Amino acid sequence: MAAAVSSGTVSALEKIDFKKLQNGSDIRGVAVAGVEGEPVNLTEPVTEAIAAGFVGWLLEKKKADGSRRLRVSVGHDSRISADSLQAAVARGIAGAGLDVILYGLASTPAMFNSTLTKDEDSLCPVDGSIMITASHLPYNRNGFKFFTSSGGLGKADITDILSRAAQIYNNVSEDILNASKQAASKLLRRVDYMKVYTSDLVKAVRKAAGNMERPLEGFHIVVDAGNGAGGFFPGSVLDPLGAVTSGSQFLEPDGMFPNHIPNPEDKSAMAAITKAVRDHKADLGIIFDTDVDRSAAVDSTGREFNRNRLIALMSAIVLEEHPGTTIVTDSVTSDGLTAFIENKLGGKHHRFKRGYKNVIDEAIRLNSIGEESHLAIETSGHGALKENHWLDDGAYLMVKLLNKLAASKATRESLGSSVLTKLIEGLEEAEVAVELRLKIDQNHDDIIGGTFRDYGEAVLKHLENVADLDPNLQKAPVNYEGVRVSGYGGWFLLRLSLHDPVLPLNIEAPTKEAASNLALAVLSTVKEFNALDFSALQKFIDSV
């Protein structure tokens with residue numbers, strides 16, 4: 001699909017609001033029909049226009065050197081709409097005159113890596129990359145993430161691409177559509193890039209173990225890929241390193257996700273990998289989300305390394321390598337984690353905003369002004385390291401854990417995951433930790449004429465004012481998102497969702513009574529806002 005505007009538009013195309021496809025620094029939409037109330041808006045023509053919009057954006061950022069055309073790699077996760085959208089992306093890229101390199105089933109981190117790899121046999125580096133994924137969302141959804149060698153695109157870039165796509169879509173002609181199909185057949189090539197990517201992961205572990213060929217020999221490690229794109233990890237990474245991987249599960253790609261949601265934050269997903277570890281008496285369990293940019297782990301006793309524990313573990317590893325460095329996290333991390341990073345590990349905890357791109361960009365910013373930071377990580381399992389080009393790579397995070405296992409074997413320190421468990425000794429954890437979602441009714445009379453965001457900000461401002469007057473509560477002296485307050489030995493954070501008409505409320509406390517007191521403090525403040533549904537908060541209070 002050429003980026004140029006053409007006469008003779010195709011009148012049959014459905015009207016689409018391209019702005020609604022933006023989800024922060026990603027594009028997300030409904031790609032499969034069948035779910036009531038969720039009409040398809042990520043069609044093949046829409047996808048083709050988005051790909052062409054990306055090409056237009058890319059051509060303004062990068063100029064071909066004359067020796068070859070610019071090339072764009074395309075990969076996808078296991079979703080059932082992946083093949084049709086990949087074909088549409090290929091047409092959009094080729095129709096605009098660029099080479100298309102198809103990777104097929106791939107991980108999001110591998111797609112970014114393809115912009116950095118220098119290997120002409122695999123047609124790398126590519127000039128841009130598109131990953132077709134909607135992370136852990138239901139089967140009917142899909143979307144796109146975009147990369148150049150500078151990293152993932154930001155919100156402003158996505159807005160720009162969607163604006164270009166809307167113009168292309170609204171002016172497309174039958175001639176352009178046919179030309180795109182013909183171009184795709186000529187400018188399309190296929191590469192098994194995952195072999196290159198996984199080979200680099202294997203090399204990283206071997207290097208950390210003093211170049212031992214099979215540094216994980218003697219370790220039993222099970223993997224749960226959740227039927228997403230992470231099924232490569234046992235066979236292509238762990239097996240060559242000597243680990244036993246029997247008991248690994250849900251490795252086959254299946255976009256209906258029949259076993260559990262591929263999400264390291266999901267309780268059923270974590271229960272599945274924990275059961276696998278115990279059933280097979282494994283040393284370690286590893287679980288990925290759909291596109292492998294997030295991960296978590298489980299030790300041999302069934303103790304989960306996710307959320308605050310995973311951050312604590314990664315902080316311990318990074319601070320061994322870079323003493324005193326700043327660890328950047330999202331806003332919902334615990335006070336216990338702060339104490340662990342700063343008092344036990346000797347680092348600095350910089351708690352920032354939700355959103356993996358926000359956290360990564362903040363770490364990059366801190367480095368630019370002279371404050372050393374080597375790790376940016378969210379409770380969701382998105383984690384990025386400076387040494388890995390600030391890419392949030394779930395597989396690379398797990399490689400850092402494997403490095404510790406391999407090193408412990410090389411020094412005969414210990415066998416098993418106890419070497420990891422010991423790293424987070426001293427992390428204080430709350431007895432009660434919950435996240436409640438207080439929804440804003442956008443159709444309520446109190447909001448008509450305004451926006452849910454304005455209404456949510458008013459709620460937060462009122463809560464902040466009330467907290468100032470309550471002797472039992474103390475506002476966080478440094479805070480970048482929402483209202484964070486300590487009291488009764490615990491804390492709460494009320495913030496406005498990045499995209500939805502929701503105020504998420506996080507509460508952590510050492511006892512149920514303390515949690516109830518914090519919840520009551522919030523409830524007494526927000527209950528006068530009639531457009532706010534605080535039933536989840538009331539239910540929580542009634543239950544503790």
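A: Let's take the exposed side of α16 first. K539, D542 and S543 are exposed there. Keep in mind that this is a predicted model.

Q: Which residues of helix α16 are buried?

A: L537, F540 and I541. The helix itself covers residues 535-543.

Q: How do the buried residues fall, seen down the axis of α16?

A: They fall within an arc of 100°, so they line one face of the helix. K539, D542 and S543 are on the other side of α16.

Q: Switching topic. How many cavities of 30 Å³ or more are there?

A: The count is 1.

Q: And how much space lies in the largest cavity?

A: About 30 Å³.

Q: Which residues line the largest cavity?

A: Y356, V359, I360, A376, I377, E378, H382 and A384.

Q: What's the split by class in that lining?

A: The lining has 6 nonpolar residues, 1 polar and 1 charged. E378 is the charged one, and H382 counts as polar.

Q: Which elements each supply at least two residues of the lining?

A: α11 (356-368) and β15 (373-377).

Q: Which gives the most?

A: α11, with 3 residues.

Key: Residues are numbered from 1 along each chain as its sequence is written. This is a predicted model: local features need pLDDT of at least 70, side-chain atom pairs count only at pLDDT 80 or more; totals for chains, interfaces and linings use all residues. Side-chain values use heavy atoms; hydrogens and water are left out. Buried means under 20% relative accessible area, exposed over 50%, partly exposed in between (1.4 Å probe, protein chains only). Helices (H or I, at least four residues) and strands (E, at least two) are DSSP runs, numbered from the N terminus. The arc is that of the directions from the helix axis to the C-beta atoms. On a 1 Å grid over the protein atoms alone, a cavity is a set of points where a 1.4 Å probe fits but cannot get out, and a pocket is an open set with protein on both sides within 12 Å along at least five of seven lines; lining residues have an atom within 4 Å of a point. Grid points are joined across faces, edges and corners, and a volume is the space filled by probe spheres set on the points.
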